[in-house]
Amino acid sequence: MEQVLDLARMAAGRVEVHPESVRLRPFVIDVVAEMEPLATARTLALSIQVPATLPRVVTDLSHLRRILVNLVGNAIKFTPSGSITVRTLAGKGAQRVEVSDTGPGIAEDEMPLLFQEFTRLRNRPTGGEKSSGLGLSIAKQLVELHGGQIGAESKRGKGSTFWFELPCGIGDPPDIPE
């Protein structure tokens, strides 16, 4: 029900954005750590590949969390066995976050439907969870609200990679290695 309300707020242009300069490395590490017990319960290996220094992004932290939790949660939900990797890549003027899994992959004819509202594909959650068909649509709208892009690549039987890119903070220094 909450997702339907969020979708209605987005359609009405009533989503508040509170941008701040975000250090992506500790943020991604924290979100993945929060999601790890779900992966472990499903006997999935969850790993992270995040460089020590990254440009910062200017984003609403709660929206960024929602996007990443959705992508990692979907990977956990639709991967029956194997692994999930969360990685970040610094691009020219943008920061890219990828979530790759070793799941069943998505049929080519279903790829154009991925980010549409109420879309349910042939793949079913491996643990019997419910799916509203709204999570990816909401993630797409949140990414675009921040001037970014979102997409996916997949090959049947080989897994999927969902990604999003957000603009780097203008004038912000890169993170200092920890």
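Student: What should I keep in mind about numbering and confidence?
Tutor: Residues are numbered from 1 along each chain as its sequence is written, and side-chain values use heavy atoms, with hydrogens and water left out. As this is a predicted model, local features need pLDDT of at least 70 and side-chain atom pairs count only at pLDDT 80 or more, while totals for chains, interfaces and linings use all residues.

Student: How do helix 3 and helix 4 cross?
Tutor: The axes of helix 3 (residues 61-78) and helix 4 (residues 135-145) come within 9 Å and cross at roughly 145 degrees, where axes are lines fitted to C-alpha atoms over the stretch in contact and angles run from 0 to 180 degrees between N-to-C directions. Helices here are DSSP runs of H or I with at least four residues, strands are runs of E with at least two, and both are numbered from the N terminus.

Student: Which residues of helix 3 meet helix 4?
Tutor: His63, Arg66, Ile67, Asn70, Leu71 and Asn74 do, with contact meaning heavy atoms within 4.5 Å.

Student: New topic: how many aromatic pairs does a search of the whole structure find?
Tutor: The search finds one. The ring centres of phenylalanine 115 and phenylalanine 162 are 6.3 Å apart with planes at 70 degrees, so the pair is edge-to-face; rings of Phe, Tyr and Trp (its six-membered ring) pair if their centres lie within 6.5 Å, with planes under 30 degrees apart counted as stacked, over 60 as edge-to-face and the rest as tilted.

Student: And where do the two lie?
Tutor: Phenylalanine 115 lies in the loop between strand 5 (94-101) and helix 4 and phenylalanine 162 in strand 7, so the pair ties together parts 47 residues apart in sequence.
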